[in-house]
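Please look through the structure shown below.

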Amino acid sequence: MCKNEMIYGLTLLYSEIKYNYGMFNRNHINLDDEYKKILNELDKIDTIFDYYMLLKRFATLLNDTHTFVSFPNDVYEKENIGILPFDIILIDDKWYINMWEEKFNDLFTPYCELVEVNGLITEDYFEKYVYPYSSHASYKDTLAIRNVFILGKIGNSLNIQIYKENKSVQIAIPYINIIGEYNWVTYEKHNNYSNKAKSLYISEENCFELFEYNNIGIIDCWSFSNNGLMKEMINEIGILKDKKGIIIDLRDNHGGNGPNADDLIALFVNQDYYIERTNYRVHKAYGKARAYFKVSNGLKTYEDYLKKYDINANPEYQEYYQDYYNQHFEYKEDKCLLNKNYLNILNSPVVLLVGQNTASAAESFVMAYKYFNRGIIIGQRTIGAGGQPLYFSLPFGGNAAINTEDSLMFDGKPFNNIGYTPDVIVKYSIDDYCDDKKRNVDKEFELAMEYFEEYKK
């Protein structure tokens, strides 16, 4: 590996963050010091995989889901990187195994607890080896955590302790090839209304399915990534037009393209726009030059500045600070226009289901839904992942993205790393997953159906 290329890649990531990251007003890390720390570690790096893990750690300091580093596509094959043959889920702040490759059937039972990893209590292991590389770890975005935890060198093993059938068991689990023919045994609890509702239409390509149950229509949409989504959905959505109510299920929707979410919300409202509120960073080179002699004086951080100057008593220093420390933000309101051809096609009462996997463009839908006060929301708090990423390439074939804006809720309050709290909060315990009867109960769906029963009265 060429060290100059490694330095260049790290420096590019650092500079893009420093001048384009949109939320330094909420994240007061000393980026210069952190850059120098990472720079000093490059001498220890001798593989592309380890280099990219270092870049991931640097980007994760911002703890933002739209700021991330992605591996080169060929790194897994070239450097013999594999995955663990099982998957994990977070329930009641504990980690459980809910899926594994069929060859390991004799090792696992459904929802056995992951107690220790390599001799450390699971949470301690994650704090040291997983969270620093997975953005948004403060809220435990399980997908981001899983994507780091499962990676390792083929030929190596991970020593875990699990609790199954009322006893602790130590297991050495080998990493397996990412590319291969596998049969996964899964005990996921997901959209169990599909067992009782009638499927009317499904599009695997555009990631949605339409159901009907007791004259209630259901739209299950698990991604907004494909721009063909609404073109196909609008051709089929008429089958739900006369239903007594509509359930929109975005619990497993990690986002995609915001305009697709806007098109979906148009089906349920009779107004052709809503207001999106954002803070944007403004970089003012002249302002920094002007402020240098007024605020430098060895003041390295925002906290140092606040100790020396009373911003309330000296409001002119506020602008100096903003310029010098790259903290100059402008508030902006954008009118998000909706597709007039879609407006109010579905005007029945609506319930929206959300969860801990609802993120990004799916949360844009939630914001518009709340803006129009279209109906109640049932489920769990969403991730809080808004923004506009700036993408760029890195050495050795990988890439990165930097979040350039500070997304706000429709009422102007902070949104990132906070998310939306439903009107009706649903909680699950491990019993809801292990008990065969409870595992087949979809609490959010049942509450939605109860809501429609009350609505009819």
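In this predicted model, helix H1, residues 3-20, and helix H2, residues 31-39, have axes that come within 11 Å and cross at roughly 170°. Because angles over 145 degrees count as roughly antiparallel, H1 is roughly antiparallel to H2. The handedness of this crossing is right-handed. On the H1 side the contact is made by Ile7, Leu10, Thr11, Tyr14, Ile17 and Lys18, and these meet Leu31, Asp32, Tyr35, Ile38 and Leu39 of H2. Sorted by class, the contact of H1 with H2 consists of 8 nonpolar, 1 polar and 2 charged residues.

A further helix pair is formed by H7, residues 229-236, and H8, residues 258-266; their axes come within 10 Å and cross at roughly 20°. Since angles under 35 degrees count as roughly parallel, H7 is roughly parallel to H8. The crossing of H7 and H8 is right-handed. Here Leu229, Met230 and Met233 from H7 meet Asn260, Asp263 and Leu264 from H8. The contact of H7 with H8 has 4 nonpolar, 1 polar and 1 charged residues by class.

The next topic is the aromatic rings. A pair of aromatic rings is described by the distance of the centres and the angle of the planes. The structure holds 30 aromatic pairs. One of them joins Phe365 and Tyr369, whose rings are stacked, with 6.2 Å centre to centre and 25° between the planes. Both residues lie in helix H12, residues 361-371, and because Phe365 and Tyr369 are 4 residues apart there, about one helical turn separates them. Phe365 and Tyr369 are both buried. Another pair, Tyr371 with Phe372, is edge-to-face, at 5.3 Å centre to centre and 80° between the planes. Tyr371 has a relative accessibility of 26% and therefore counts as partly exposed, whereas Phe372, with a relative accessible area of 16%, is buried. Elsewhere, ring pairs link Phe86, Trp95, Trp100, Phe108, Tyr125, Phe126, Tyr129, Tyr131 and Phe149 into a cluster.

How is H12 itself covered? Of its 11 residues, 9 are buried, so that the helix is mostly covered. The buried residues are Ala361, Ala362, Glu363, Ser364, Phe365, Val366, Met367, Ala368 and Tyr369. Their packing partners are H8, strand E15 (245-249), strand E16 (273-281), strand E18 (350-354) and strand E19 (375-379). Asn373 follows H12 and has a positive phi, near 50°.

Where is Leu394 found? Leu394 belongs to the loop between strand E20 (389-393) and strand E21 (399-403). With 7% relative accessibility, Leu394 counts as buried. Leaving aside residues up to four places away in sequence, Leu394 touches Gly9, Leu12, Tyr52, Leu55, Val69, Asn399 and Ala400. Two of these partners, Gly9 and Leu12, fall within the residue range 3-20 of H1. By contrast, Leu394 and Val169 are 225 residues apart in sequence, and their C-alpha atoms are 42 Å apart in space.

How values were computed. Residues are numbered from 1 along each chain as its sequence is written. This is a predicted model: local features need pLDDT of at least 70, side-chain atom pairs count only at pLDDT 80 or more; totals for chains, interfaces and linings use all residues. Side-chain values use heavy atoms; hydrogens and water are left out. Axes are lines fitted to C-alpha atoms, for helices over the stretch in contact, and angles run from 0 to 180 degrees between N-to-C directions. Helices (H or I, at least four residues) and strands (E, at least two) are DSSP runs, numbered from the N terminus. Angles under 35 degrees count as roughly parallel, over 145 as roughly antiparallel, 65 to 115 as roughly perpendicular and the rest as oblique. A crossing is left-handed if the near helix is turned anticlockwise from the far one by less than a right angle, and right-handed if clockwise. Contact means heavy atoms within 4.5 Å. Ala, Val, Leu, Ile, Met, Phe, Trp, Tyr, Cys and Pro count as nonpolar, Asp, Glu, Lys and Arg as charged, and the others, Gly among them, as polar. Rings of Phe, Tyr and Trp (its six-membered ring) pair if their centres lie within 6.5 Å; planes under 30 degrees apart count as stacked, over 60 as edge-to-face and the rest as tilted. Buried means under 20% relative accessible area, exposed over 50%, partly exposed in between (1.4 Å probe, protein chains only).
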